[in-house]
Amino acid sequence: MNKFKKQTAVGIITCNREEFFKKAIASIDRDAVDKIFVVNNGAAYASYPDGINVIQSHRNPTVVGIGKNNALREMSNAGYEYIFLMEDDVFIKDNNVFEKYILTAADSGLWAGQLSYGLHGGVGGGNVANDGSPIKRATVQYTKYKVDLYHNSFAAFVLYHKSTLKHIGYMDERYLNAAEHLDHYYKAFLKKLGSNYWWFPDIENSSEYIEDQSPNHENSVIRLGETFKTDFVYSWQLFKEKFGMMPHEVKDVDNDAILDKLYSLEKHYARKDLI
């Protein structure tokens, strides 16, 4: 199920969606990961499963970037090498997913929060067609595994290697529930640890392993909040202050350029010995 279990932890970020949380955490087989950390960014839940580490926010709600950092720090400080972040509105269909992400990262060198579930949000997310089929920009074959590339990026299920966090740092906690993952992704690119924007990588056919609990962000606490639009504008402006452009203004590259970048990442960071 996961030969890297002892080195693997997952942090679930939840906020005021107890029923979603229950399904998300119940979907994780304890034989697939060594430890589960839960960061509750909202009101405390009545109970939690045994054997997990719970970090309860003192504010309701807490900015999602702060919650993600709490989970990343806990897992990193505990010595885990393969660190997953998972949001509470997805669930695991096949617990081989953890090993599949690690092996795909090892084959490709995409360790720095690059590999993430690309079909989150369904049609509303932009990577799924009206008929339910994925809209892939390309699929790249590595030595053993394939990587699907999408136009849009999400952070509902993401793999980080502990060492990359040392180089990139954690999330910028000034973002107000929007763009903190885009900022982190772009920093990985600037540090030559990540691929180009608009070619966001995922494992091959991730929908066989992960699924949204609610399509098209219909039960999103963030998107349904009164301040979502103003938070969104603020976060886009913060990104521009830092990088000189808004996220949607980052330039796209052609097929040759992205293949060159992916080859460079594979050459420098792949761990073929693990696959």
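**Rings, charges and a buried strand**

Reader: What is the relative accessible area of Tyr48 in this predicted model?
Author: Tyr48 counts as partly exposed. That class lies between buried, under 20% relative accessible area, and exposed, over 50% (1.4 Å probe, protein chains only). The value for Tyr48 falls in that middle class, at 22%.

Reader: What kind of model are we looking at, and how are its residues numbered?
Author: Numbering starts from 1 along each chain as its sequence is written, and side-chain values use heavy atoms, with hydrogens and water left out. Local features need pLDDT of at least 70, side-chain atom pairs count only at pLDDT 80 or more, and totals for chains, interfaces and linings use all residues, because this is a predicted model.

Reader: Is Tyr45 buried or exposed?
Author: Let's check the relative accessibility of Tyr45, which is 8%. That value is why Tyr45 counts as buried.

Reader: What kind of aromatic pair do Tyr45 and Tyr48 form?
Author: Rings of Phe, Tyr and Trp (its six-membered ring) pair if their centres lie within 6.5 Å; planes under 30 degrees apart are stacked, over 60 edge-to-face, and the rest tilted. The whole structure has 23 aromatic pairs. In one of them, Tyr45 and Tyr48 lie 5.9 Å centre to centre, with 35 degrees between their planes. The pair they form is therefore tilted.

Reader: Which residues form one aromatic cluster with Trp198?
Author: The cluster around this tryptophan has both Tyr and Phe members.

Reader: Which ring has the charged end of Lys23 over it, and which has that of Arg73?
Author: A charge sits over a ring if NZ of Lys or CZ of Arg is within 6 Å of the ring centre and within 35 degrees of the ring normal. The charged end of Lys23 is 4.3 Å from the centre of its ring, that of Phe91. For Arg73, the distance to the centre is 4.8 Å, and the ring is that of Tyr170.

Reader: Why is strand β6 largely enclosed by the rest of the structure?
Author: Strands are DSSP runs (E, at least two residues), numbered from the N terminus. Strand β6 covers residues 112-116. It is largely enclosed because, of its five residues, the number that are buried is five.

Reader: Which residue in β9 stands opposite Ser116?
Author: Two strands pair if DSSP finds at least two bridges between them. Strands β6 and β9 (residues 157-161) have two bridges and run antiparallel. Opposite Ser116, β9 has Val158.

Methods
Helices (H or I, at least four residues) and strands (E, at least two) are DSSP runs, numbered from the N terminus.
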